[in-house]
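This dialogue shows how a protein structure may be read feature by feature.

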Amino acid sequence: FRMAVRQVHLRAMADITGMSSPAIYRMIDQIWKHCIAYTAYRERKLQHILKDRYLHIAVDRQEYTVNWKSRYDRRFTILLGI
């Protein structure tokens, strides 16, 4: 899990752990399932806590102007972030 979070390449994971690539992929699938189960648990717990309350969520929208993709195409690109 730590290697995946730290963006270690799959080949490096296999070399460090001594596991095969298919085993690494199975392990990543297991980690994903555990993360989904943990998120579901936390959301169910939050739903129980907020049963009789109102939930106010604040969001912000920003527009990022980024530079051109290449020196030949110098149009600005706008990225939206929420």
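**Reading a predicted model**

Q: Let us begin with one residue. Which residues is threonine 77 in contact with, leaving aside its neighbours within four places in sequence?

A: Contacts are read from the atoms of the model, which is a predicted one. Leaving aside neighbours within four places in sequence, threonine 77 is in contact with Tyr64, Thr65, Val66 and Asn67.

Q: Where is the place of threonine 77, and how accessible is threonine 77?

A: Threonine 77 belongs to strand 2. A residue counts as partly exposed when its relative accessible area lies between the limits for buried, under 20%, and exposed, over 50%. Threonine 77 has a relative accessible area of 31%, so it is partly exposed.

Q: What is found in the loop between strand 1 and strand 2?

A: Tryptophan 68 is found there, with strand 1 covering residues 62-66. Its relative accessible area is 34%, so tryptophan 68 is partly exposed. Apart from its neighbours within four places in sequence, tryptophan 68 is in contact with Asp73, Arg74, Arg75 and Phe76. A distance across the model can also be read: the C-alpha atoms of tryptophan 68 and isoleucine 36 are separated by 37 Å, and these residues are 32 apart along the chain.

Q: How does one read the span of a helix, and what does helix 3 show?

A: The distance from the first C-alpha to the last is set beside the span expected at 1.5 Å a residue. Helix 3 comprises residues 21-49, 29 residues in number, and reaches 42 Å, close to the 42 Å expected.

Q: Which residues of helix 3 are buried, and what do they pack against?

A: An α-helix has 3.6 residues a turn, so residues three or four places apart point the same way. In helix 3 the buried residues are Ala23, Ile24 and Ile31. They pack against helix 2, which covers residues 10-17. Alanine 40 also belongs to helix 3, but its relative accessibility is 28%, so alanine 40 counts as partly exposed.

Q: How is the backbone angle phi to be read, and what is the phi of glutamine 7?

A: Most residues other than glycine have a negative phi. Glutamine 7 has a positive phi of about 60°, although it is not a glycine. Glutamine 7 lies in the loop between helix 1, residues 2-5, and helix 2. With a relative accessible area of 68%, glutamine 7 is exposed.

Q: Which residues form a nonpolar patch on the surface?

A: Leu55, Ile57, Val59 and Ile82 form such a patch, and together they have about 530 Å² of accessible area. Isoleucine 82 is found in the segment after strand 2, which covers residues 77-81. Isoleucine 82 is exposed because its relative accessible area, 84%, is over 50%.

Q: How does one judge the overall form of the protein, and what is its radius of gyration?

A: The radius of gyration is compared with that of a compact globule. For 82 residues such a globule would have a radius near 12 Å, but the protein has 21 Å. Along its principal axes the C-alpha trace spans about 50 × 45 × 15 Å. Buried residues make up 7% of the 82 residues. Of the contacts between residues at least 6 apart in sequence, 5% join residues at least 24 apart.

Notes:
Residues numbered from 1 in each chain as written. Predicted model: local features only at pLDDT ≥ 70, side-chain atom pairs only at ≥ 80, totals over all residues. Heavy atoms only, no water. Patch = residues over 30% accessible without salt bridge, like charges linked within 9 Å, V, L, I, M, F, W, Y side chains within 5 Å. Areas by Shrake-Rupley, 256 points an atom, 1.4 Å probe, with all protein chains shown as cover. Salt bridge = Lys/Arg side-chain N within 4 Å of Asp/Glu carboxyl O. Helix = DSSP H or I, 4+ residues; strand = E, 2+ residues; numbered from the N terminus. Buried < 20%, exposed > 50% of the residue type's maximum accessible area, 1.4 Å probe, protein only. Contact = heavy atoms within 4.5 Å. Rg over C-alpha atoms; globule rule 2.2 N^0.38 Å. Expected span 1.5 Å × (residues − 1).
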